Amino acid sequence: MNYSPREIMVLAAARQIKNKDIVLCGTGLSMLAAVAAKHIYAPESTIFFESGAIDSGLAELPLAVADSRVMYKAANFCSLVETFSFMQNKKTGTNIVGIIGAAQIDPYGNLNSTMIGSYDHTKVRFAGSGGACDLSCFVGSNIIFMEVTKQKFVKKLSYLTSPGWIQDDTSRDQSKIAAKGPSIVVTDMGIMGFDKKSKKMFLKEYYPGINPEDIQKKVGFDIDISRAVPLSEPKNGELKILREKTDPEKLILD
Amino acid sequence: MNTGKNKVISLSQAIGRYVTKNCHISIGGFTISRNPMAAVHEIIRQKIKNLHIYAHSNGQGLDELIGAGCISKAEIAYAGNGRFAPTCICFKRHSIENKIMVEDYTNFQMALRFMAGAMGVPFLPTYSSLGTDIIKKWGFNPNLRKKDTKLASQKAIIMENPFARTDPGEKVVLVPAINPDVTIIHAQTADATGTTRMDGLTFCDVDQAKAARHTIVTCEKIAAPGELSQSPQNNQLPSFCVDAVVHLPFGAYPTACYGQYDYDVQFFNWYKKIAADQSKFDSFIKEYIMSTDHSQFIEKACGPGISQILADPETGYSNRTKKK
């Protein structure tokens, strides 16, 4: 069965989800990953949205986190203060897995969702943190989810919206951020991890047909590709469920 | 506080009375859901300018107010319209052209700031944003904050947890309370006294309403006296938090109102093109808003398409898949 870069990317993120996980996702590809995980790898996982819906029925694909489609057949409705408190509260927060994207990422997994330029002379403006910074400061595990381009993978961010490992293995401690930094970056070409000591991004796995050197060419900083191993192709069964159950209208996958 | 028993007034009266030039406002809803759009349009119609807006993740309401030149300062966490505009289009242009000043917070921080306002305390603590530019970079500089006494004296303050025993040096971020001059929300139902019921997610609307000096509730339906008391567990706002009630069917259009109607996909796809060009946006404002009232706007912007967006009573939205 043929598959697209988006499909393998969604499945790669979905495989990270375990049954005990409470998955916080946005809309678009990150939601497909959460839904695919529930159908394929972790049927007992719970999906929730920062807008306040917990364990939504998701009979149709929502186009925003506040879409009425997240409200249908949800188990609970919460206020914004409540949803973010679940992340900040260590008892629940440690079981939460976030899947987040951003406009830019640096070698330490710090994210920019705010702007490019200087803060008083904005050149490019993005939507802002939303809940991304909150999530990055609070939850037990964080999957960063973005496509590899030179504009997105940059040496230095104009604005640090959401903390990754900041600049080394001690900086989250120094900033007094209790939760761990991001675990992996799932992209359309492969999966990056963060080095145990330096906390710098390295290429962990690459998808079939992808040359690790091509990933280096598309990343705007030096990335260690020496440890990378190939990932196997997605199975036909996985692709079938992904297509038929998560996005049957082909709103996102096509 | 309006303690009257009949708070039902017209939209133009409500906006004219409570939203004045230079005032600080907040609007309810989230991206493409339950924004008080009819009220937003009336603010534009009455040409009320130099407003300061507080929002967590407002999309369409924020964007139209900015595009129409009503906003000078915004304290927000997020300005996007989901799949229709990952970054709100007028917001993006006006930020780059320095036509608005923006102060960035996180969603949780904005929610806590409204909650602090609702609780009557000056700030609330969180761990969010330690080590980030949200703390370090200020949109409103210290001088401006000193001069403008309606602004918080500082954007945020990091302090050590004063109760710490086991981890001395543990830090928290204090975010300042928000007490808007006026909050406007759109609900499914309210009664004449102001008791308000929202169906579906309530986002931050409840705290936003409680934190404000004046609150306007626009609603799809006015309930008969006593009707809402039959299931008080479903009511979020008591009458004494509400100053004006405005009966406005489709008052959230083009954003969604759970259980009533969906967002209008056609409108949003059209708006994307209009908003990208200020002269086109200006003509949209002139033609669709300045020369209409609310029901004429709905007729002009949606017309017979309204039947397409009506919610299925079971799901609360307009089912795409059933239509195919």
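D104(B) is buried, with a relative accessible area of 1%; buried means under 20% relative accessible area, exposed over 50% and partly exposed in between, with a 1.4 Å probe and protein chains only. This is a predicted model, in which local features need pLDDT of at least 70 and side-chain atom pairs count only at pLDDT 80 or more, while totals for chains, interfaces and linings use all residues. Residues are numbered from 1 along each chain as its sequence is written, chains are lettered from A in the order in which they are written, and side-chain values use heavy atoms, without hydrogens and water.

D104(B) forms a salt bridge with R125(A), with the closest N and O atoms 2.7 Å apart; a salt bridge is a side-chain nitrogen of Lys or Arg within 4 Å of a carboxyl oxygen of Asp or Glu. D104(B) lies in strand β4 of chain B and R125(A) in strand β9 of chain A, so the pair joins two chains. Strands are DSSP runs of E of at least two residues, and helices are runs of H or I of at least four, numbered from the N terminus. R125(A) is also buried, at 3%.

Another salt bridge links K240(A) and E244(A), at 3.4 Å. Both residues lie in helix α8 of chain A, 4 residues apart, about one turn of the helix. K240(A) is partly exposed, with a relative accessible area of 43%.

In chain B, D133(B) and K137(B) meet in a salt bridge at 3.6 Å. D133(B) is buried, at 10%, whereas K137(B) is partly exposed, at 26%.

Over all chains the count comes to 26 salt bridges.
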